[in-house]
Amino acid sequence: MAPPTGTTGAQLGRRQWVYAFALVTSLFFTWGFAYGLLDVLNAHFQTVFGISKLQSTLLQLAYFGAYFVWAPFAGGFMRRIGYKKGIHVGLSLYSLGAIFFWPSAKFETYGGFVGSTFVIGCGLSTLEVAANSYISVLGTPQYAAARLNFSQGFQGVASFAGPLIAARWFFTGANATSLGTVQWVYLAVAGLGIALNVLFFFADLPEITEDALAEEIQDAGLEDDQGPFWRQYRCIFGFVAQTAYVGAQVAVASFAVNFFVDQGVGIDQSTASRLFSFCQITFTIGRHVFSILPNFRHKLTLAHRFVGCLRSMDFCCSTFCLLVSQLPGYGAIGCIFALFFFESICYPCIFTLGTKNLGVHTKRGSGLIVMGVGGGAWYPPAQGGLADSAYTRRSYLVPMSGYIAMTIYAIGLVVDQAKKGGFTFQNRDELSARIAKDGVPDSALDSPGEKAAVADLIKAV
């Protein structure tokens, strides 16, 4: 099948840009909700099935292992069929996996839940390849990071809804030792996926192609920067950094409920689930704060300052993760809230830096970075093993290693930029810089639709 013809995001009008942005942003809510439910299912299944913390991480292994296995295929076939059809495939798998939760709960089969979770993970990895890359290229590089960070904020909104539902329906009364409510919640999730699939079917979503993006880069005089995919080192090492970060993030969240209960301050599972939802709210607040705040400052937006921002957040994450593992009682609880706040911006940082100006490699690079989400499959089992043999609080030394690896990536970007154009902690936007150097005014860099919509958003905030 020939690749679809299309345009670039900078060529869209205001109304078309807003509609496409809003519709694709709705996808972030779907995997945020599924992720929020996944982490509390760990503690629930430990009670219902009588399994250990390590055994309960099979859910994370299936969910995030699907990203590692399926994301490269998703990026490949999306290059041939386009973003919209790729979204249909992702939503279909997402709904199918959620439907499979019903027989798994009916027959009380833990293996069935693990298999269903893998199918959901395949669907969500497809959606992430489509949505993350589409939002990144839906406009000019100047606002790419802010767009992605803002859209991913809605993932956080959905992620704290999951623990709230669990606190109300999974851990109270007879539901604390049964699976009845689990099947109905996931049937509702399947209904949401089907509804979105129908909505996208009738939507006129503009197709943004790699050929159009490559032409935009060539017009700016950056064609020499393109080469074989294996030479896109920023993207390849971005995959390593994303693997480390997502693994750390998932490990931190997977045992949050156990962590609160084990602190010895009188917290039960229902209260712990609510506290975890408050952690997710903190995560969401952090993502929106870091998305909006830079628009009120100097012209250097968040997109331009991502290297320095990533470096700072990595240091904060490593520090607070260490404190979580060492401090007792309420001190550790306060530090885990801080950890959720500062890690909120790391994913869009790495994704935007890793896929910047890839041109014809955009969808393949997006698939590789999303494949890094598979790191969530490896860290929780390691942390679960340590939690079973030692103590839940001490197990948070495992995700700290992921934050350290992410810091190394940020330092590497700083060194690389220093060798090419002088030392700076800021992320250079080579495309905008080259166009400006050739005499094109800054206003030409902005999509008319995007520029007007961003101005409206800032006024509303």
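A contact here means heavy atoms within 4.5 Å.

**Figure 1. Overview of the predicted model.** This is a predicted model. The protein has 461 residues, and 60% of them count as buried. Its secondary structure comes to 20 helices and 0 strands. Take the contacts in the protein with a separation of 6 or more: residues 24 or more positions apart account for 84% of them.

**Figure 2. Close-up of the second largest cavity.** The structure holds 4 cavities of 30 Å³ or more. By class, the lining has 11 nonpolar, 3 polar and 2 charged residues.

**Figure 3. Helices around the second largest cavity.** Which helix gives the most to this lining? Helix H10 does, with 4 residues. Helix H10 spans residues 233-254. At least two lining residues each also come from helix H1 (14-49), helix H3 (58-81), helix H7 (144-170) and helix H12 (269-292).

Figure 4. Thr-284 is found in helix H12. Is this residue, Thr-284, buried or exposed? Its relative accessible area is 6%. The cut-off for buried is under 20%, so Thr-284 is buried. The side chain of Thr-284 reaches the backbone oxygen of Gln-280, at 2.9 Å. Leaving aside residues up to four places away in sequence, Thr-284 touches Gly-153, Gly-156, Val-157 and Phe-160.

**Figure 5. Close-up of the salt bridge between Asp-262 and Lys-53.** How many salt bridges does a search of the whole structure find? The search finds 1. Asp-262 pairs with Lys-53, and their closest N and O atoms are 3.1 Å apart. Asp-262 lies in the loop between helix H11 (256-261) and H12, while Lys-53 is in helix H2 (residues 53-56), so the pair ties together parts that are 209 residues apart in sequence.

**Figure 6. Exposure of the two salt-bridge partners, Asp-262 and Lys-53.** Asp-262 has 24% relative accessibility and counts as partly exposed. Lys-53 has 14% relative accessibility. That value falls under the 20% cut-off for buried residues, so Lys-53 counts as buried.

Technical notes. Residues are numbered from 1 along each chain as its sequence is written. This is a predicted model: local features need pLDDT of at least 70, side-chain atom pairs count only at pLDDT 80 or more; totals for chains, interfaces and linings use all residues. Side-chain values use heavy atoms; hydrogens and water are left out. On a 1 Å grid over the protein atoms alone, a cavity is a set of points where a 1.4 Å probe fits but cannot get out, and a pocket is an open set with protein on both sides within 12 Å along at least five of seven lines; lining residues have an atom within 4 Å of a point. Grid points are joined across faces, edges and corners, and a volume is the space filled by probe spheres set on the points. Ala, Val, Leu, Ile, Met, Phe, Trp, Tyr, Cys and Pro count as nonpolar, Asp, Glu, Lys and Arg as charged, and the others, Gly among them, as polar. Buried means under 20% relative accessible area, exposed over 50%, partly exposed in between (1.4 Å probe, protein chains only). A polar contact is a pair of N or O atoms within 3.5 Å; within protein, one must be able to donate a hydrogen and the other to accept it, and residues adjacent in sequence count only if both atoms are side-chain atoms. A salt bridge is a side-chain nitrogen of Lys or Arg within 4 Å of a carboxyl oxygen of Asp or Glu.
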